[in-house]
Amino acid sequence: MAVNLATIESVTKVYGTRTLLDAVSLGVSEGDRIGVVGRNGDGKTTLIRMLAKLEDPDRGRITWSGNLQPAVLTQHDSLDPNATIRHEVIADRADHEWLGDARIRDIIEGLFGGLDLPGFADGLDTVIGPLSGGERRRIALAKLLLGSPDLIILDEPTNHLDVEGINWLAQHLQKRRSALVCVTHDRWFLDQVCTRMWDVQNGAVHEYEGGYSDYVFARAERSRIEAVEEQKRQNLARKELAWLRRGAPARTSKPRYRIEAANALIADVPEPRDKSELMKFANARLGRTVFELEGVTVKAGPKLLLENLTWQLGPGDRIGLLGVNGAGKTSLLRALRDAYASEGDVQPASGIIKVGKTVRLAYLSQEIAELDPETRVLQAVEQVRSRVDLGKGREMSAGQLCEQFGFGKDKQWTPVGDLSGGERRRLQLLRLLMDEPNVLFLDEPTNDLDIETLNQLEDLLDGWPGSMVVISHDRFFIERTTDVVHALLGDKKMRMLPNGVDEYLERRARMASAAASAASAAAAVSAAEGAPAASGLSGGDLRAAKKEMQKLERQIAKLDEKESKLHAQLAEHAADFSKVAELDAQLRAVREEKEELEMGWLELAEQV
């Protein structure tokens with residue numbers, strides 16, 4: 001029987017006149033992996049802060065068993081600004097000591113992208129004080145994971161991590177024996193890591209078995225049986241159920257909660273998006289040309305990010321853009337925005353960007369635009385437009401759209417200056433959509449949004465006819481709202497990835513392995529200096545192997561170009577089924593040949 005670690009007994013917490021938590025009783029046992037969800041402001045962070053005894057309840061009590069000392073990641077770290085990363089994370093241990101510990105190496109590589117901490121000027125000896133909030137948060141997370149607590153409490157641990165970092169963290173937490181309580185809006189992460197859910201709503205906490213998918217099933221079943229939620233909320237739950245069952249493959253191996261009853265809810269639910277209907281409407285609104293890039297070079301200052309890029313964003317295209325930090329995702333969107341704003345007069349360092357004459361672009365950047373703090377929410381939206389056409393005969397007033405985005409009638413008269421960061425993000429999105437754009441650029445749109453708002457945004461985008469490019473580390477949002485994934489892998493090129501995020505992670509893993517092998521080979525060549533290599537190769541064999549590796553690299557690069565051309569031809573001949581079948585066969589052959597060459601390269605690298 002699992003040992004109880006912490007108990008919340010009849011806890012009540014009141015802020016001002018609002019009761020956040022009302023007589024809540026919960027428990028955390030050994031081996032529990034609990035995800036905490038709910039709307040922004042409903043008390044998720046307050047709940048886990050009280051669980052960690054960082055905040056006292058107004059009534060009730062929190063008890064811990066034995067000598068429990070939980071490890072807590074809060075939204076504000078307590079790192080010493082005058083200390084170095086080395087001091088805070090590995091406690092000034094000698095290099096030979098911590099490098100010999102596989103667990104420490106794994107955590108540092110997983111969170112920082114390498115043992116030399118790429119992106120930090122002085123590596124482990126970088127002083128913490130001048131670092132950004134995101135960098136400090138990764139340091140705090142690394143410090144926490146290097147411990148061995150019985151209970152880990154995390155508040156938004158995936159913030160500021162890229163897709164690879166989130167994937168690593170999920171795998172790492174799956175392997176740990178510690179109990180876990182985690183607040184996050186990342187639904188993919190919840191599905192991978194959690195086995196129970198706490199849903200914080202209206203002062204109460206509802207418990208569900210399973211990860212996020214199971215929680216959605218159980219919540220929809222509960223709504224069906226009790227029939228207490230309004231029709232709009234039921235429709236949203238049913239639509240998300242349809243996505244979870246039909247959109248992406250099964251996201252978890254955990255047993256579903258009452259699957260038969262839940263499946264009955266979605267038996268007649270159509271696909272989340274009518275793609276052909278949206279494409280027709282997008283063509284009518286946009287014409288044939290949206291953005292066309294020919295031989296474009298994108299720079300950030302002196303740094304070359306993308307070179308000789310030829311690419312097209314067509315009417316109705318919904319593209320997810322992934323890439324390593326610093327590869328040029330945001331810079332590419334800014335280059336397109338600048339060309340649009342200047343009506344083509346502002347062009348990149350080289351190449352041409354053509355902008356369609358009918359394009360109406362809305363660009364959601366990572367920075368939140370400042371508004372007059374005295375302006376009311378509804379006024380800020382009506383400054384843009386009082387009504388909005390959502391396509392297919394759907395029209396909404398500013399007030400109705402405010403309600404869909406979580407601004408109820410009372411909240412609509414709240415001054416902008418009193419809104420939280422997540423609420424200001426919602427308002428920024430609202431103002432963009434009210435301007436009736438036909439092209440959307442969304443750069444990290446999920447930042448600071450709770451799961452319910454994300455569901456509503458996804459539902460709204462399902463019926464939105466236009467072209468869209470989304471940059472996000474939220475894997476669920478990318479898979480849910482886009483049809484095609486493109487990636488910037490740091491080699492100054494853009495690639496379409498037919499298998500989406502999974503293919504991106506596979507490619508990044510192969511690149512990391514190849515880079516490690518190349519580094520080992522270079523070190524071996526340097527050490528050999530003409531003498532027989534440690535691997536047993538003679539100096540002549542070593543040079544021959546290195547030459548063969550370079551030859552393979554050239555062949556792989558040519559196959560990459562061929563693969564890109566085949567993808568473009570597939571898009572061009574999408575309506576010609578016989579041509580598509582022919583091109584698909586060619587594409588498979590190219591991939592098989594490329595995999596063989598990559599394996600040959602790796603074998604040579606190991607020999608060297």
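Visitor: Is Thr453 buried or exposed?
Guide: This is a predicted model, and every value here is computed from it. Thr453 is found in helix α16, residues 451-462. A residue counts as buried under 20% relative accessible area. Thr453 has 0% relative accessibility, so Thr453 is buried.

Visitor: Which residues does Thr453 touch, not counting residues up to four places away in sequence?
Guide: Contact means heavy atoms within 4.5 Å. With residues up to four places away in sequence left out, the residues that Thr453 touches are Arg39 and Arg426.

Visitor: Over the ring of which residue does the charged end of Arg426 sit?
Guide: For a charge to sit over a ring, CZ of Arg must be within 6 Å of the ring centre and within 35 degrees of the ring normal. The charged end of Arg426 is 5.2 Å from the centre of the ring it sits over, and that ring belongs to Phe407.

Visitor: How far is the charged end of Lys53 from the centre of the ring of Trp64?
Guide: For Lys the atom used is NZ, with a cut-off of 6 Å from the ring centre. The charged end of Lys53 sits over the ring of Trp64, and its distance from the centre is 4.5 Å.

Visitor: How many aromatic pairs does the structure hold, and what kind of pair do Tyr212 and Tyr215 form?
Guide: The structure holds 6 aromatic pairs. Tyr212 and Tyr215 form one with 5.8 Å centre to centre and 50° between the planes. Planes under 30 degrees apart count as stacked and over 60 as edge-to-face. At 50°, the pair of Tyr212 and Tyr215 is tilted.

Visitor: In which helix do Tyr212 and Tyr215 both lie?
Guide: The two residues are 3 residues apart, about one turn of the helix. Tyr212 is buried at 0% relative accessible area, and Tyr215 is buried at 3%. Both lie in helix α8.

Visitor: Why is the pair of Tyr212 and Phe476 edge-to-face?
Guide: The pair links distant parts of the chain, with Tyr212 in helix α8 and Phe476 in helix α17, 264 residues apart. Tyr212 and Phe476 are both buried. Their ring centres are 5.9 Å apart, and the pair is edge-to-face because the planes are at 85°.

Visitor: Which residues do ring pairs link into a cluster?
Guide: Tyr212 pairs with Tyr215, and Tyr212 also pairs with Phe476. The cluster linked by ring pairs consists of Tyr208, Tyr212, Tyr215 and Phe476.

Visitor: How far from Cys194 is the nearest cysteine sulfur?
Guide: A search of the whole structure finds 0 disulfides. A disulfide needs two cysteine sulfur atoms within 2.5 Å. Cys194 is in no disulfide, and the nearest cysteine sulfur, that of Cys182, is at a distance of 5.6 Å.

Visitor: Which residue follows α12 with a positive phi?
Guide: Helix α12 has 13 residues and reaches 19 Å from its first C-alpha to its last, close to the 18 Å expected. Its buried residues include Leu332, Leu336 and Ala339. The residue that follows α12, with a phi near 55°, is Glu343.

How values were computed
Residues numbered from 1 in each chain as written. Predicted model: local features only at pLDDT ≥ 70, side-chain atom pairs only at ≥ 80, totals over all residues. Heavy atoms only, no water. Helix = DSSP H or I, 4+ residues; strand = E, 2+ residues; numbered from the N terminus. Expected span 1.5 Å × (residues − 1). Buried < 20%, exposed > 50% of the residue type's maximum accessible area, 1.4 Å probe, protein only. Phe/Tyr/Trp six-rings, centres within 6.5 Å; stacked < 30°, edge-to-face > 60°.
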